[in-house]
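These are working notes on the structure shown below.

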Amino acid sequence: MSKVMVMDHPLIQHKIGIIRRMETGSKEFREMIGEIAMLMCYEATRDLKLVDVNIETPICEMTAKELAGKKLAVVPILRAGLGMVDGMLTMIPAAKVGHIGLYRDPETLEPVEYYCKLPADSSEREVFVVDPMLATGGSSVAAIQMLKDKGVKRIRFMCIIAAPEGVKRMKETHPDVDIYIGALDKCLNDHGYIVPGLGDAGDRIFGTK
């Protein structure tokens with residue numbers, strides 16, 4: 001069963017408080033999203049496997065630790081997920097980056113893929129799917145299914161703000177995917193926005209409103 005981890009770190013909570021504010025402009029919002037992603041990445045990678053390696057310090061030989069197996073990949077859901085990539089790469093610079101683009105069909109309201117480009121060896125990597133908001137769960141559920149269809153086996157999902165409805169849908173559809181959340185909010189409103197939330201993350205990151 002998937003693990004759902006809501007971050008309780010004071011720095012994460014403080015920065016989420018800043019991005020929620022209406023008066024926070026695009027530049028500061030963008031910077032904060034990156035910083036929150038970096039701090040969340042630190043917490044979410046706590047259980048990565050390590051192996052022993054022999055190294056030489058300027059003083060002597062010793063046994064040190066390094067990450068085991070294949071490295072990581074970060075896959076943002078376009079476009080808002082892009083805001084989290086640099087923060088993740090600050091922590092894991094060797095990670096490869098893929099991209100998934102989805103839009104919602106106005107008739108069926110279901111997500112439709114318009115772009116998917118993944119690192120060639122994604123199926124051997126631990127993949128972090130990132131999107132600032134987990135609202136209805138439609139996009140993230142579809143994105144994760146796309147990855148599974150392409151042979152990716154180890155997937156984690158990371159968002160900054162989530163609604164209980166989205167978490168429930170994710171757990172039901174992808175019970176094998178761990179979910180990392182910055183703040184778990186109250187509910188969705190009639191327009192599918194998270195309450196209290198922060199509005200449209202994409203518009204606020206890119207200044208398109």
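1. Helix H1. In H1 (residues 10-20), the buried residues are Ile 12, Lys 15, Ile 16, Ile 18 and Ile 19. They share one side of H1, because they span an arc of only 155° around the axis; the arc is taken from the directions that run from the helix axis to the C-beta atoms. Buried stands for under 20% relative accessible area, exposed for over 50%, and partly exposed for what lies in between (1.4 Å probe, protein chains only). Helices (H or I, at least four residues) and strands (E, at least two) are DSSP runs, numbered from the N terminus.

2. Basis of the values. The model is predicted: local features need pLDDT of at least 70 and side-chain atom pairs count only at pLDDT 80 or more, while totals for chains, interfaces and linings use all residues. Residues are numbered from 1 along each chain as its sequence is written, and side-chain values use heavy atoms, with hydrogens and water left out.

3. The two faces of H1. Exposed residues Pro 10 and His 14 sit on the face of H1 turned away from its buried side. The cover over the buried residues of H1 includes helix H2 (26-44), strand E10 (154-162), strand E11 (178-184) and helix H6 (201-206). In general, an α-helix has 3.6 residues a turn, so residues three or four places apart point the same way.

4. Ile 19 and the largest core. Not counting residues up to four places away in sequence, Ile 19 touches Phe 29, Met 32, Ile 33, Ile 36, Ile 160, Leu 198 and Arg 204; contact means heavy atoms within 4.5 Å. The largest nonpolar core has 38 residues, and Ile 19 is among those with the most contacts inside it, along with Met 40, Met 88, Met 158 and Ile 160. At least two residues of this core come from each of H1, H2, strand E4 (72-78), helix H3 (85-91), strand E8 (126-130), E10, E11 and H6. H2 gives the largest share, nine residues. A second, separate core of 25 residues includes Leu 102, Leu 118, Val 177 and Ile 179. A nonpolar core here is a set of buried Ala, Val, Leu, Ile, Met, Phe, Trp, Tyr and Cys residues joined through side-chain atoms within 4.5 Å.

5. Glu 43. This residue lies in helix H2 and is buried, at a relative accessible area of 12%. Its side chain makes a polar contact with the side chain of Arg 46 (3.2 Å). A polar contact is a pair of N or O atoms within 3.5 Å; within protein, one must be able to donate a hydrogen and the other to accept it, and residues adjacent in sequence count only if both atoms are side-chain atoms. Leaving aside neighbours within four places in sequence, Glu 43 contacts Met 5, Met 7, His 9 and Ile 12. Ile 12 is also one of the buried residues of H1.

6. First annotated set. On a 1 Å grid over the protein atoms alone, a pocket is an open set of points with protein on both sides within 12 Å along at least five of seven lines, where a 1.4 Å probe fits; lining residues have an atom within 4 Å of a point.

7. Ile 194 and Gly 199. Ile 194, in strand E13 (residues 194-195), is buried at 7% relative accessibility. Gly 199, in the loop between E13 and H6, is partly exposed, at 35%. Beyond neighbours within four places in sequence, Gly 199 contacts Met 133 and Tyr 193, and the contacts of Ile 194 include Met 133, Leu 134 and Ala 135.

8. Second annotated set. The UniProt entry (unreviewed) also places "binding site" at positions including Arg 79, Gly 137 and Asp 200. From this set, the lining of the largest pocket includes Arg 79, Gly 137 and Asp 200. Arg 79 lies in the loop between E4 and H3 and is partly exposed, at 34%; its contacts, leaving aside neighbours within four places in sequence, include Asp 200. Gly 137, in the loop between strand E9 (133-134) and helix H4 (138-149), is buried, at 4%.

Notes: UniProt positions are given in the numbering used here, feature names are shortened, and annotations may be inferred rather than shown by experiment.
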